[in-house]
Amino acid sequence: MKWIHNLLKCFSFSAVLFTFEACYGTPEDMIEDYYEYAVQVVDGDGNGIPNVEMLVKNTTDNRIEYYADTTNGAGLAFINYFGFWDGQKLKLEFRPLENVDFQPKDTVIQCSHHNKDITVTLEHK
């Protein structure tokens, strides 16, 4: 009789675990994925700006830095990162390096597989 009691306890416990997983499991849109973005940093005339550092940060905690890159001669920087999820908001910070006469800029983007190209315009100092 004791083994039947233990068997029923096991089935009861597994039913509770199954219910918990079904109700409180990870939402489908929060599954981590790989994201690639091309970020074009331009001036008011649409010309690429080289030597601008781009930092990608969490919007809820500015201290957590995910990724950093510096624009090339055409003003392009790239985000290649595994770990974001669709709908996550990211803060992009653009900081011109030495001898670059533009103002810093911050902007927020939302991760999506549909929006792969981002253009950011910096203002002259």
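Setting aside neighbours within four places in sequence, Ile49 is in contact with Val41, Val42, Asp43, Thr71, Asn72, Gly75, Val100, Phe102 and Leu122, where contact means heavy atoms within 4.5 Å. What you see is a predicted model, in which local features need pLDDT of at least 70, side-chain atom pairs count only at pLDDT 80 or more, and totals for chains, interfaces and linings use all residues. Residues are numbered from 1 along each chain as its sequence is written, and side-chain values use heavy atoms, with hydrogens and water left out.

Where does Ile49 lie? Ile49 is in the loop between strand E1 (33–42) and strand E2 (52–58); helices (H or I, at least four residues) and strands (E, at least two) are DSSP runs, numbered from the N terminus. Ile49 has a relative accessible area of 3% and is therefore buried, the classes being buried under 20%, exposed over 50% and partly exposed in between, with a 1.4 Å probe and protein chains only. Gly75 is 26 residues from Ile49 along the chain, yet their C-alpha atoms are separated by 4.4 Å.

The largest nonpolar core has 20 residues, and Val39, Phe94 and Leu122 touch the most other members. Such a core is a set of buried Ala, Val, Leu, Ile, Met, Phe, Trp, Tyr and Cys residues joined through side-chain atoms within 4.5 Å. At least two residues of this core come from each of E1, E2, strand E4 (76–84), strand E5 (89–96) and E7. E1 gives the largest share, 4 residues. Beyond four places in sequence, the contacts of Leu122 include Val52, Phe94, Pro96 and Phe102.

Next, the pairing of E1 with E7. These strands run parallel and are joined by 5 bridges; pairing requires that DSSP finds at least two bridges between two strands. Val39 has Ile118 as its bridge partner in E7. In a regular strand, side chains alternate between the two faces of the sheet. In E7 (residues 117–121), Ile118 and Val120 form the covered face, whereas Asp117, Thr119 and Thr121 form the uncovered one.

By contrast, Leu8 of helix H1 (residues 2–24) is exposed, with a relative accessible area of 52%.
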